[in-house]
Each structure stands twice: as structure tokens, then as C-alpha cells.
Amino acid sequence: MVENNRLLVIFSHTILILSVIVLAFPIYVVFVASTLTLPEVLQTPMTLLPGRQLIDNYVTALTEGAGASSTAVWRLLLNTLIMALGISLGKIAISIISAYAIVFFRFPLRMFFFWLIFVTLMLPVEVRIVPTFEIAAALNLLNSYPGLILPLIASATATFFFRQFFMTIPDELIEAARVDGAGPIRFFFDMVLPLSKTNIAALFVILFIFGWNQFLWPLLITTDPAFDTIIIALNRLLRAVDDQVDWPLVMATTMMAMIVPILVVVLMQKWFVKGLIEHEK
Amino acid sequence: MAEVIIQDATKSYGNTQVIHGLNCTIDHGEFAVIVGPSGCGKSTLLRMIAGLERVTGGTISIGGEVMNEREPKDRNIAMVFQNYALYPHMTVRANMSYGLRIAKLPKPEIERRVQEAARILQLADFLDRRPGQLSGGQRQRVAMGRAIVRDPAVFLFDEPLSNLDAKLRVQMRIEIRRLHNSLDTTSVYVTHDQVEAMTLADRLIVMNGGNAEQIGTPLEVYEHPATTFVAGFIGSPPMNFVTGQVGNGGTSVTLHDGLQVAVSDDTLAAMAGQTVTLGVRPEHLQLAASPEGAMPMTVDLVEALGADILAYGQVGQEQVIARLPHDAAVKIGDRIHLSFAASQVHLFDATSGARLSP
Amino acid sequence: MDRRVTFNHRFLPYFLLAPQVAVTLVFFVWPAGQALFQSTLIEDPFGLSSEFVFLDNFAFVLSDPLYVDSIIVTAIFSVSVAAVALLVALFLAAKADSVISGKLIYRTLLVWPYAVAPAIAGVLFLFMFSPRVGVLSSALTALGVDWNYLLNGNQAMMLVIGASAWKQISYNFLFFLAGMQAMPRSLLEAAAIDGAGPTRRFWTITFPLLMPITFFLLVINMIFAFFETFGVIEAVTQGGPAGATNILVYKVFRDGFVGLDFGSSAAQSVILMAIVISLTVLQFRYVEKKVTY
């Protein structure tokens, strides 16, 4: 800022560029491995220059899967996409309407519901693994898309996020709409929803990544590989005996598991940053 | 015909009453202004007329029908809000037509009304813009356009000019009054600005603490303020007040420093010896030719306004302001003598503040 | 917190709340209640009968040396993850904030690891450090380090800390950078006029003003290290070798799903619940000024 110390500036850039490289290095290694043949990967030390198997490996993984009796990656990506979209859109839908109820209405038990939703914040899946699994089993949700999605779509933070935004909508806007004859449902669709557009986009980015990266819950409720998400499938592949891991194909699968959320974050960065910073507070 | 009749209207929030039984009739075609300091209940009263606040007791009728249980949209009213309350994501056209579309008017009729309002308000070039792309004055016009297209029986204005700069405020004030004259509707207008109130109103409703202190034409209110509150609120700078004792026979009032002020008021005859508040407007004070029978004051501040000057000083315990001609040779520190005509004196009960003069 | 102007409707608000409340009751409140209930029971291995044992499960769990080990492992793991992720992120944010050109480019290049799932972060590190095929493990071996995290507990711990922190750095970086950019420039300029150099300015002005964000991030990082790193552990070490990376969440999962010891698993769940609740309360204490619930 104030000083214009050239050395300092060069030092800062050097540090930053080095960090970028260090941070990206693991992915680069995985990328290189995904373009090699298995013998090339097993050579010590493995080369750090990309090989020629890029297309072969990815096509094989996409169409046939990355190991013996494993599901094709396109199917895994589809499952993961369905789950991620289901979770993110489901969370947004039920959170925006419950925030709307809590902010724009007065009714008996309003605060009770508010705290009930708040409580979900304190009960991550990890602390209620077994009983949640039992309920999902009792409701016949194992190995199904609803089973992957439904138990994860309650969201206190998304509800609070919308609540914060709704509080900033001026009272006079509601009154003007009332004078114009708009009831609560019309007001929701004509005013609240269009005004929430950027907030919804910001939240969507965060929740999509949250959904895509789910691990524990899918691990519990999918036993049928046809319903595996790509991350669960990767975990199964790594469980194979070391010698039988087809590293290039596994690494190609890893790349494909990462690329969708990374693209979402990088391409929708503006919304992502807004969503992250406002969502968490 | 749409006269607004307010009968014994009360409003309470829980145990706190904020409007204490208010009565008022606003005739068809009249421009009524509700004026008062902040927190006096003027906006609440307007919102009760609009149907945005429930009436706790009494009735509010428009055009002869009791409106207490009607939704705002069914009251044949339109409202212009303080912050305009334009729908930020809609174009000017969509803003103005929103209510009509909800009411399912035929499309050509909606378009006709929007065009007509845009013509009156000179908004034709802005119909496809969003509120964010408009200036303050243009937004104000859109808010009025949204009211006009509804073709309501009663226009309600809630401090519509308070967000504009001084010059634009004067201009829009004139436009609002012209609009009212051309539309043959009833208007109810809330403001805390007494200049706006005086210039716009056919009928002034001065409110204080949830009561209507006085209802009348601007001139009536100015010339015969019903209470010290009204006297102090209407007129700028405010009326000067000093206290004194009614003399024998009720023909004079003695101020604390022994000065005797002659009053032409026979109602005082029975009040000999009692304390009263005596009010004189700054513009009714003049420099006395001789100190005899005049009010002495030491000037501690002089404001030159161009057309005239304001001289501030103490008379006894009270601050007094005199509006003097621009060429009056008055400086800080001068001891001047002020006189006034007996007919310009307003007398009020010292405890209740109620007017004693006829 | 309340709006002055609201709608009146008898049923609509309940209707709007119904989906969220239904999901919350069925998948959150009920299972949590079950966990509480089961934590007081001992079931026979066939699940045919159960016996009410009050707090015995807790006594058993807390006196189990394996559980105590797991607590120690969790403490070392989460403190290290939070410390590494916070310090690196703070340093990078300060650097990125100090450069004039390219701030946004650096943000883009540093932010994407956030998008990588913890389990995948585990896979990346596993592959780099695998004793058989890892690029970096062969480099370490060449340097004379006897690298095999499958046998060496400390190495395994360092590996899962590295993978978890790697993923969390970008999150902290974003918050620190946003905090620094929201800081009034005039403060730093006043300090510069007072003669404070860049380093001194950072420690006397920037850092103290970042304290609230740092505290908030500390809590978030602890929650992350406690719960969301499950994927890293499962992918890389499965809690091994010999329990060296067996963090509490992983142990709950193993005992419940692999060991089928429901009473003990439920008691562990309840203990974890208490930890989340205290962390959440701590977190909301911080935002209290901003939001009053």
C-alpha cells in the first residue's frame, strides 16, 4: 500500500506463486498418473510428465469403470449429480419457505419451530449414525435416491441465511404489495423469489459442493454399487488389494470426481464467495 | 363521492394506546393534511385509513361504507409511501400495472391507464427502466403513477417528500397539489413539515400524542391555535410564549418583571390573579418607538435571512424570537424594546395549554 | 428480530414449515433421541433383548483405554489441523492482500481446494505418499527417511493432518482475505504515518482487528477437524496403524457399524453431541452481536 518497496512486492508474488504450485501439486500428480499406463505408474520414481493414455484411460473409466466389477464412471457421475442437485435444490426449497413463514408471519409456536430448526445445526450425521440408519432402513430408503437426499435436506444455516436476507426487505414493500392486492403467496412468487435470485445462486454453489462431496451418509445407505456416488466408489476401489488397484483408471476417476465441484467454484466464484461468507455467519 | 369519516378511532398495541378516540370528517375532493411531530400517531392514523393497521375501536368509513374489516385493496384507496416502496426488480411499467394485473383488468385497459399516468407525470420515456436507474424525483413520480393508475377514490400520502432535497421538495409539492386539483379525488397527506402542511392543505389536522389537537383550515389554525402545542408547532419560527398574571378587571396581563401588557379580552375578567401563558408570533413583534409599555430584550443572536432578520434574546426566563425588517439596525448585545398589538396576543391556560382568547 | 409488517394467515405458515419440520423430526430429532435412549441400554448380540443400564455405557466408554487414546488422538489431530490451516491461510491472505495486481487471480488459484471432498483430498495424499507408488514417498526414501505410514503411526498422523489442512486452507484464506479487504484503509495509513512498517502494521493493526474472524474460524476449523475429516481417515488410514489416527467420529462409525456395539456407539454419539453443542454455542456467542436469536 503505502511503501513501494520493489523487493517486498517481488517477495510476496514469489511466495504466492510457490503456494499456488504447492497447493496444486497433489492434483497435478494425480492428473499425470491418469495419463499413464499401469507399469509406468508403478515405476519408481513415477515420471512427472503426462503420458499418452489420457483419452484411453478416461474413456475406459467412463464406460467400463475403474476396476473389476465396478460401476461405470458415467453412472457414478450421474448418481452424484442427482444427489448433489437433490440436496442443494431441496435444501434451498424447504429453507426458503420455512424462512418465509418465520419472517413474514406471526403464528402460535413460531419460536418453537425456529428453535427446532436451529437444533439441526447441533446434530450432524456423524453423531447419530446408527439410529438415522435404522430409520432410513425402516422407511425403505436404503439404496435409493430419496434415501441419499432426504435425510440431508433439513438446513438451519440455509434457513438463517434466507431469514437474514428477508429481514432486509423493507416493510413498505410488503405494504405496497398489500395495497396492490397481493396476498402472501403472490408476494412470495412476485417479490421475494425474484429479489432472492443472487442469494439463491450463492447458496446453490455452496450447497451443491456440500452435496457432491457427501461421504459418510452415502457410505452407510448404499450397498448396491448401482447407487454408489463417485466418491464412495473411489473408496471401494482403494479397498482392493494394493496389487490389484488399477492406478491410472482410479486416478482418472479421481480427476472426474473433482472436476465438477472445482469448475463450479471457479466459474461461479463471485457467488461462491458471497454465499460462503454470508452463509456461515 | 368519497368522504372519509373517522369516528372515535382508537389504536392500541397491546396495552399501549397510541390513538385515543379521534373524530374527523374529510369531505369529498378535499386535501387534508395530518401534521404533527414524530411519534404523534399521524402515520398510524393514515395506515388505519389504508387498512395497513387494524382499527382497535371506532370506525373508519370511506364513501359511506365502514372499512374496518376490509383489505387495503378493497378500500378504493391508493398510497404513496415515504421510501416510495417501488418493486426494485420490476420496470416502471410493471410497477405501475402490478395492482391492475392482480385485479385482472383487461390488458388494453391497463396499458391505457399506464400511458395516461405516464403522460401526466412525464414518465413516458422511462417506462422500461427499473427504479434503480431513476433519480429521486423520478422515483417519486413513479410512486404517484402507481397510485394514479388505480383510479382510487382516496389518495393517501405518507411523508412522500421527506427523501427529496429541498428544491425538489418544493417542486413536487406543487405538482402534488396540481394533480389533486385535476383528479377530483380526496387526498389525505401526512407530514411533519408545517410548511408543507400549510401550503397543501384545505383542512389541517394537527396531531399530538395520539389526539387531534385542532382541525381546521390552515388560516384558522394559524390565527386561532387551539392550544399552546398547536401555536408552537404551526408557524416558523415558532410562537413566543411568556407567562404572566391576569390583572384586575382582566384588561391586562402582568409579566414577571412587572411589565403590563394590555389585552383586549373580556373573558379574562373572571380570572384576575391567575397565571396565563401569553403568546405572540415573532412576525407580530416590532421595535417599539419608546420603551414605555414595551418588552425589553437583550439580543444574544441575530440571523439575517435576507428578506428579514431574526433577533434572539431572553425575556425573563423565556427565549423570545422577533422577526424584524431586514434593515432593522440590531446587533448582538443591543438592548431593544419590542411592542405588539393587543389583537395579536394569544392567551392560553398556563396549566392545560388550552386557548383562552376567542 | 421481528418485522413490524407481516401477513395474516391461519394455516399457510404451518404448511410452509411442514417439509423442513418433517425432515428435522424424522431424521434429526428422533435419531438423536434414539441415540440418547440407546446409550442407556445394553443389547444382547442378537438384538433380542435389551437391558436398561443407566450411565453404565458412559462409564464403560470413558474408562476404555482405547476411547481415551482416541480422545488424545482427536485432540492432537484437530488442534494441528486448525493451527496449520489457520496459520498458512493467514500468511497467504496477508501476502495476497499486500500485492496490488493479481489479487483476484491469486484468490481463484488458491480457492479451489475448497471444492475437493475430504475423501478425495485423502486419495490425493494417499497416492502421493503411498509407500509403493507414491511420488513423494520415493523422494522421502531417497532422502533417507524410512517412510511407511502404514506402519508408522506418527507418519500416518502427519499425513491425515496434511490432507485435512490442505483442504481447509482455502476456506480460511477466503475469510481472512475478506476481513483484510473490509478493513478501513485509513487505519493502516494512519499507522504508516506514525512510522509503523509493514510487518509492524500487520501485528499491531491488522491482526488484532482480525481476531473476531480468527476466533470464528477456529471454531469452524475444530468442527471441521472433528467431523468432516471422516472421509480423509476412511480413505487414507482407516484409523490405523494400531489406532494412531482413530479419531472419535471414526471410532463411533467403526464400533457401531463394524463392531455392532450399539450401546457403546450410542454413548459415544451422545458424547460427540455434547461436543458439537458446546462448539455451536461458542460459535453463536461470537455472532451474537450481529444476530440476536
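Predicted model: local features only at pLDDT ≥ 70, side-chain atom pairs only at ≥ 80, totals over all residues.
Visitor: Hi! Which strand is B:Leu204 in?
Guide: B:Leu204 sits in strand β9 (residues 203-208) of chain B. Strands here are DSSP runs of E with at least two residues, helices are runs of H or I with at least four, and both are numbered from the N terminus. Residues are numbered from 1 along each chain as its sequence is written, while chains are lettered from A and ligands numbered from 1 in the order in which they are written.

Visitor: Thanks. Is B:Leu204 buried or exposed?
Guide: B:Leu204 counts as buried, because 24 C-beta neighbours lie inside 10 Å. The cut-offs are 20 or more other C-beta atoms within 10 Å for buried, 12 or fewer for exposed, and partly exposed in between, with C-beta atoms placed from the backbone.

Visitor: And what is B:Leu204 in contact with, leaving aside neighbours within four places in sequence?
Guide: B:Val33, B:Val35, B:Ala197, B:Gly216, B:Thr217, B:Pro218 and B:Val221. A contact requires C-beta atoms, placed from the backbone, to lie within 7 Å.

Visitor: Let's move to β7(B). Why is it called largely enclosed?
Guide: Strand β7 (residues 154-158) of chain B has five of its five residues buried, so the rest of the structure largely encloses it.

Visitor: Which way do the residues of β7(B) point?
Guide: B:Val154, B:Leu156 and B:Asp158 face one way, B:Phe155 and B:Phe157 face the other way, and all are buried. In a regular strand the side chains alternate between the two faces of the sheet.

Visitor: What joins β7(B) to β6 and β8 of chain B?
Guide: Strand β6 (residues 77-80) of chain B runs parallel to β7(B), with four bridges between them. B:Met79 has B:Leu156 as its bridge partner in β7(B). Five bridges link β7(B) to strand β8 (residues 186-191) of chain B, also in parallel. There, B:Phe155 stands opposite B:Ser187 in β8(B). For strands to pair, DSSP must find at least two bridges between them.

Visitor: New topic: which chains have the most contacts between them?
Guide: Chains A and C, among the two pairs of chains that touch. Chain C gives 81 residues and chain A gives 86. On the side of chain C that touches chain A, helix α1 (residues 12-38) of chain C contributes the most, with 19 residues. That side of chain C has 60 nonpolar, 14 polar and seven charged residues. Nonpolar here covers Ala, Val, Leu, Ile, Met, Phe, Trp, Tyr, Cys and Pro, charged covers Asp, Glu, Lys and Arg, and the others, Gly among them, are polar.

Visitor: What about chains B and C?
Guide: No contact joins chain B and chain C, and their closest C-alpha atoms lie 9 Å apart.

Visitor: Back to A and C. How do α1(A) and α4(C) pack?
Guide: Helix α1 (residues 6-33) of chain A and helix α4 (residues 103-111) of chain C have axes 9 Å apart, at an angle of about 25 degrees.

Visitor: Who meets whom there?
Guide: A:Leu16, A:Ser19, A:Val20 and A:Leu23 in α1(A) meet C:Tyr106, C:Leu109 and C:Leu110 in α4(C). By class, that contact has six nonpolar, one polar and no charged residues.

Terms used. Axes fitted to C-alpha atoms, helices over the stretch in contact; angles between N-to-C directions.
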